[in-house]
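The entries follow in the order in which I looked things up.

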Amino acid sequence: MTTNEFIEQHKEHFLDELFTFLRIPSVSTDSSRKIEVEQAADFLLNQLISLKLSKVERYETQGHPIVYGEHCPFDDQPTVLIYGHYDVQPSDPDHLWDTPPFEPTIKDGKIYARGASDDKGQSFTHVKALQSLIEADGGVPVNIKILVEGEEEIGSPNLVPFIESHKDMLQCDMVLISDTSMFGLDQPSITFGLRGLAYMEVEVVGPNRDLHSGVYGGAVENPLNVLCEIIAQLKDKDGVVQIPGFYDKVEALTLEDRQAMADLPFDEIAYKSSLDVDALHGEKGYNTLERASARPTLDVNGIWGGYQGEGAKTVLPSKANAKISMRLVPNQDPHEIARLFEQQVLSLAPDTVKVRVTEHHGGYASRTDLNFYGLKAAASAFEEVYQNPVLFSMEGGSIPIVADFKRVLGAESILMGFGVTSDAIHSPNESFHVKDFYRGIKTSARFFQLLAEDAKA
Ligand code: BES
Ligand code: MN
Ligand code: MN
């Protein structure tokens, strides 16, 4: 039986197994879900055990476990490290889901569930590809290592030290990741750039208690007003970040980069209408694709303080808070950017309030070398299965560990995403096309075959 025949025959079973995986609410940021996160790790562990790899292990960390397996029988074949994450984002706001987030449901050819695309559905394609090669084809024709973590959505705090302390074990020729999006439906795409991230929290404290806004308003500083004033000064009306030093290490886009982006089949009208907005906004001098993938930026992700209940309560809040993310490009150091942010926010604060700035997780941007030999097999596999030429594009999201794979292991990452932007990852009604689940399995299996053929040639 060929691998593809095997995949065809096991489609329903594979989908059932993915459903079992999706039913586990492995929300890494939610400490009340610790047991469920471990269940998801064990689900994968058992999957890997059933593949009879030469080594399968669950590594405990200070946070959630790392699931690892390897099978490296060849001296003359490259070693591919597959990476993915079994943790998911919280499902809230739950009332906006049409079907329950942890009861996977198929509608219009899509699997609806939290994690369907990011990243359970996508990462599971590789597990099923390995199984198909092993059971139908006598084995995976290259050396493989597979590492699936449970803390990607909280910034991989324990994976960075883990790869540093398991350098020899994780040594590889390339990393294969399916945790990104294709440029469009049926449009195979390899992502060669991801942005980095610095995520900050600001707290502004004024009077020692909430005050009557009539009795005190006008005489005592309002922390919520101050917070808004500070935020308003962090970006100018041209969308340029106003933090001294923020752009110092940012490299200008080359003409080739800009041309390559301009050649991508991007439809701005469809983009706007998919978001129900009449106009777009961003850094002056750059187009939408450049702004969303290749330029750094700053955004408020959350802001709170004061009265938010029903009706009107006349109150001058004692505290105000905001969470602010900065997406970064190559050479920007997230910690350095965090320091520059803190300095600027503190310098904008009047002496009527106390301001505290804290740094949450972050990570460096990454670029995959377009001349990297492994991309050839990846592109060919993608094209064979999708029957469409592959595109190379950059994306604005972040997978912080990719830069660490390069720095610590010296390995390039092949970002072979099977998702699409309309999958609504991190949003209510996240979905993944059933078709892409199957095509992903086939593409992954074909990639290993082509890579092995390349190595023999
Ligand atoms: N899979 C995403 C990243 C992604 C999505 C890259 C779409 C390209 C296209 C990943 O799970 C994610 O959500 N990353 C976080 C960063 C993390 C540190 C919380 C992000 O980008 O916000
Ligand atoms: Mn992801
Ligand atoms: Mn995510």
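Entry 1, ligand 1. I found an oxygen atom of ligand 1 at 2.8 Å from an N or O atom in the side chain of Arg-327; a polar contact is a pair of N or O atoms within 3.5 Å. I noted that the model is predicted, that local features need pLDDT of at least 70 and side-chain atom pairs 80 or more, while totals for chains, interfaces and linings use all residues. Residues are numbered from 1 along each chain, chains are lettered from A and ligands numbered from 1 as written, and side-chain values use heavy atoms, without hydrogens and water.

I then looked up His-426, where a polar side-chain atom lies 2.9 Å from an oxygen atom of ligand 1. For Glu-153, an N or O atom of the side chain is 3.2 Å from an oxygen atom of ligand 1. The protein covers 90% of the 520 Å² of accessible area that ligand 1 has on its own (Shrake-Rupley method, 1.4 Å probe).

Which domains give residues to the shell around ligand 1? Domain 1 (3-194 + 365-456) and domain 2 (196-250 + 296-363) both do, so ligand 1 lies between them; the bounds come from an automatic or database domain assignment. Of the 18 residues around ligand 1, those that come nearest are Glu-152, Asp-179, Arg-327, Ser-398 and His-426 (a residue is near if one of its heavy atoms lies within 4 Å).

Definitions and conventions
Polar contact = N/O pair within 3.5 Å; in protein donor to acceptor, adjacent residues only side chain to side chain.
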